[in-house]
Amino acid sequence: GGFCTLGLVLLAECHAAHSVSYPEMGRVAFGAPGYSTIAAMLVLSQFGFCVSGHVLVARSLSAVAESYGCTWALEYFYFGQLPVFVPLGWIRRIAKMKVTNILGDVIVVGGLGVVVAAACCKP
């Protein structure tokens with residue numbers, strides 16, 4: 001754990017001193033293999049985060065549906081969210097989404113309020 005933390009701190013310091021991408025830092029330090037390795041690790045890391053997010057959403061939706069008596073297979077929740085999330089991933093200029101972001105924040109805060117109220121009122 002300590003070595004990982006030290007490595008991340010050193011990497012952040014290098015990035016702050018030399019404003020280039022992480023794969024480019026790998027190219028400078030280790031040549032073409034360094035570039036390829038770091039780029040591949042970044043892709044795999046982001047892929048893992050995306051997949052875990054979709055799994056979390058699918059399982060949460062499945063649990064909510066089960067509480068209302070719906071017994072659909074989990075695969076429906078995995079693939080059913082793709083038509084919603086994939087087009088959102090295509091958005092490149094997030095600045096044009098200001099109103100949508102504010103609406104999302106309001107919905108999240110409202111949902112949090114409902115959960116807290118439900119937890120407080122439960123005997």
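Start by selecting Glu24, which is partly exposed at 29% relative accessibility. (Buried means under 20% relative accessible area, exposed over 50%, and partly exposed in between, with a 1.4 Å probe and protein chains only.) Before you go on, note that this is a predicted model: local features need pLDDT of at least 70, side-chain atom pairs count only at pLDDT 80 or more, and totals for chains, interfaces and linings use all residues. Residues are numbered from 1 along each chain as its sequence is written, and side-chain values use heavy atoms, with hydrogens and water left out.

**Stop 1**

**Stop 2: the largest pocket**

Which residues line the largest pocket? Select Leu11, His18, Val20, Tyr22, Glu24, Met25, Gly26, Val28, Ala29, Phe30 and Ile38 to show the lining. (On a 1 Å grid over the protein atoms alone, a pocket is an open set of points where a 1.4 Å probe fits, with protein on both sides within 12 Å along at least five of seven lines; lining residues have an atom within 4 Å of a point.) The space in this pocket is about 160 Å³, a volume being the space filled by probe spheres set on the grid points. Helix H2, residues 22-30, gives the most to the lining, with 7 residues. By type, the lining divides into 8 nonpolar, 2 polar and 1 charged. (Ala, Val, Leu, Ile, Met, Phe, Trp, Tyr, Cys and Pro count as nonpolar, Asp, Glu, Lys and Arg as charged, and the others, Gly among them, as polar.)

**Stop 3: a nonpolar patch**

Now select Leu8, Leu11, Tyr22 and Leu42, which make a nonpolar surface patch of about 340 Å². (Patch residues have over 30% relative accessible area and no salt bridge, and nonpolar side chains are joined within 5 Å; areas come from the Shrake-Rupley method with a 1.4 Å probe.) Leu8 is found in helix H1, residues 2-17, and is exposed at 59% relative accessible area.

**Stop 4: along the chain**

Move to Gly31, in the loop between H2 and helix H3 (32-67). Gly31 is partly exposed at 25%, and its C-alpha is 36 Å from that of Ala95, 64 residues away along the chain.

Next, is Phe77 buried or exposed? Phe77, in helix H4 (residues 74-80), is buried, with a relative accessible area of 11%.

Finish at Val114 in helix H6, residues 98-121. Val114 is exposed, at 56% relative accessible area, and lies 28 Å from Gly89, C-alpha to C-alpha.

Key:
Helix = DSSP H or I, 4+ residues; strand = E, 2+ residues; numbered from the N terminus. Patch = residues over 30% accessible without salt bridge, like charges linked within 9 Å, V, L, I, M, F, W, Y side chains within 5 Å. Salt bridge = Lys/Arg side-chain N within 4 Å of Asp/Glu carboxyl O.
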